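Subject: Structure handover

Hello,

Here is the structure for your work. My notes follow below it.

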Amino acid sequence: MEAPIKLGMIGCGGIAKAHLRACMQLSHLFRIVACCDVRKEAAEKSAESAGNALVFTDYREMLSHADIDAVDITLPHHLHAEVAIAAAEAGKHVLVEKPMANNLAEAKSMVDAADKYGVTLMVAQSQRYMAEHREIKRLLNEKVIGQILYVRASVDQHLAAIRPLGDWLFKRSLAGGGSVISIGVHKIDLLRWLVGEIVAVFAVERQSPINPGMDCEDISVAILEFENGAVADLASLYAAKASPWSELLAIYGTEGVIHNIGGWHINSDKVSEWKGKFAKLEIQPEDPFRNELEHFGNCLLSEHEPLTSGHDNLKTMAVIEAIYLSAREQSRVELSEVMAT
Ligand SMILES: NC(=O)c1ccc[n+]([C@@H]2O[C@H](COP(=O)([O-])OP(=O)(O)OC[C@H]3O[C@@H](n4cnc5c(N)ncnc54)[C@H](O)[C@@H]3O)[C@@H](O)[C@H]2O)c1
């Protein structure tokens, strides 16, 4: 394939704007040639911003009529599998927003389709493409805080304060679940990358009264056990009333700690300037959407497997599935049980 890659955007809502902006900055890699949304005016607006791209309201029409190499899917979760599979059947490479699908079975069918039709499937797990997390990963790889023992992570939002009541994110059938699959997914995927593979989980969930009309969990607390012996607790909250959007990550090792409380800080016995105190890590932020799209484009041109490939992200989907199963059955769930189903 040659650059610029001809891209079709499917879904022109909230996050699509960040993808579109990133593609426009990466004009050496991408040319957006078609935009699709069931809301015609949204597709038209994106198409205009992209510079006269074709407009579609039906993704199947777009797949059969537009001259595109790849699609960028930024749709409600229940449509990810259906659209990604149709795109793969049409021979188009696929970038799909997180979470990969509504559930693990759908995610597996996406991987099968991508393999069958020989196309690349990448999941837009934006947190792995943040400069801060790339630097933390480098420090952890260098064992600056020794062996990882324990991680505390949380994502706090109040859904009813940030989305209109009745939005698809309130519905299990459209989103695949609540706070775990929609926002906890960010930390599950990130922790798999930073800490290691998760082998077992134990979770408790609640449905609070502060998200009217929501039919799934808005509070989940999960204990995650890692293959390397580390343990984490992850709180996925859509019921964090009056809380600003906040995300906690604190990683405790045998020789130090890294946390993001009030900015990224490190305390390490191994580095004299970081010993016995919390030193601020100065990390220049980057646009994760630009980074993830750049990675997608470069992988297509070089025929490399993306960092957050469909194959890789089956494990993220399996952890989500295990958290839901554990909360339902009130028992510890091993990932091997879930992956085997
Ligand atoms: N990486 C991140 O930080 C991040 C942040 C927000 C959302 N997301 C993810 O991005 C995806 C989209 O979320 P959003 O917040 O942009 O949602 P949104 O509701 O703002 O946008 C979804 C768009 O899809 C369109 N749509 C619905 N059905 C369609 C169909 N059949 N064909 C074509 N278009 C259709 C809607 O009209 C809407 O414009 C989700 O997977 C979400 O989890 C990721």
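First, a definition: a residue is buried if 20 or more other C-beta atoms lie within 10 Å of its own, exposed if 12 or fewer, and partly exposed in between, with C-beta atoms placed from the backbone. The model is predicted; local features need pLDDT of at least 70, side-chain atom pairs count only at pLDDT 80 or more, and totals for chains, interfaces and linings use all residues. Residue numbers start from 1 along each chain as its sequence is written. Helices (H or I, at least four residues) and strands (E, at least two) are DSSP runs, numbered from the N terminus.

Helix 2

Helix 2 spans residues 40–50, and its buried residues are A43, S46, A47 and A50. They sit on the same side of helix 2, because they cover an arc of only 100° around the axis. That arc is taken from the directions from the helix axis to the C-beta atoms. E41 and E48 are exposed on the other side. The cover over the buried residues includes strand 1 (5–10), helix 1 (16–25), strand 2 (30–36) and strand 3 (54–56). Just after helix 2, G51 has a positive phi of about 95°.

Domains

The bounds come from an automatic or database domain assignment. Domain 1 is 5–125 + 290–309; domain 2 is 128–286 + 318–340. Their C-alpha centres are 26 Å apart. In contact (C-beta atoms, placed from the backbone, within 7 Å) are 14 residues of domain 1 and 16 residues of domain 2. Helix 10 (residues 288–302) gives the largest share of the domain 1 side, three residues.

Best wishes

Note on methods:
Contact = placed C-beta atoms within 7 Å.
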